[in-house]
Amino acid sequence: MLPDTEEQLFGRGVVTKSTNSADLDPETARMVDVACAILKERGKEGVKTSGRRTDQEQIALFAQGRKPLGVVNALRAKANMRPISEAENKYTVTDCNGVTKKSKHQSGEAIDYVPKDKNGNPCWPPKSDPRWMEIAEVFELAGMESGLRWRKADPPHHQRRTV
Ligand SMILES: [Zn+2]
């Protein structure tokens with residue numbers, strides 16, 4: 001069975017080590033902090049799941065869904081990331097290979113932000129879930145671009161606009 005398209009496009013479950021604003025580029029950090037403060041104030045606080053990524057993390061994420069599980073988990077171990085399961089390796093989670101095509105996460109100009117479930121844990125609901133739009137609108141208000149708007153939507157992803 002082919003992976004579910006929406007989940008595939010969502011970068012479902014992507015969690016990397018740094019979610020600290022302090023690790024982001026300063027202008028991006030400022031906008032992220034503004035957006036997070038507004039969401040908290042509205043009682044819509046979510047979870048930052050990926051901020052600045054090392055090259056190793058991006059390379060490991062690109063391998064997911066494209067390489068055999070053993071290869072993917074060896075790359076993840078090199079990047080100090082937890083191993084994933086065969087089921088998780090059915091999904092691709094990024095189109096940026098980290099080398100010739102870099103992600104804005106690598107330059108500290110992007111953040112992934114997802115809603116919380118009832119227990120306060122990060123969750124990745126379907127694209128139609130209204131919480132994605134609430135989050136996107138706040139990050140846009142803070143001056144960022146939302147992956148929710150992309151033709152190939154990436155709802156958790158928010159990045160500094162290219163000037
Ligand atoms: Zn992202």
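Predicted model: local features only at pLDDT ≥ 70, side-chain atom pairs only at ≥ 80, totals over all residues.

Residues are numbered from 1 along each chain as its sequence is written.

The protein chain has five helices and four strands, in the order α-α-β-α-α-β-α-β-β. Helices (H or I, at least four residues) and strands (E, at least two) are DSSP runs, numbered from the N terminus.

| Property of the protein chain | Value |
|---|---|
| Buried residues | 37% of 163 residues |

A residue is buried if 20 or more other C-beta atoms, placed from the backbone, lie within 10 Å of its own.

Helix α3 covers residues 55–63, and its buried residues are Glu-57, Gln-58, Ala-60, Leu-61, Phe-62 and Ala-63. Part of their cover comes from α4 (69–78). After α3 comes Gly-65, with a positive phi near 80 degrees.

The axes of α3 and α4 lie 8 Å apart at an angle of about 165 degrees; axes are lines fitted to C-alpha atoms over the stretch in contact, with angles from 0 to 180 degrees between N-to-C directions. The pair is therefore roughly antiparallel, a term for angles over 145 degrees. Contact (C-beta atoms, placed from the backbone, within 7 Å) involves Gln-56, Ile-59, Ala-60 and Ala-63 of α3 with Val-71, Val-72, Leu-75, Arg-76 and Lys-78 of α4.

Technical notes
Buried ≥ 20, exposed ≤ 12 C-beta atoms within 10 Å, placed from the backbone. Contact = placed C-beta atoms within 7 Å. Parallel < 35°, antiparallel > 145°, perpendicular 65-115°, else oblique.
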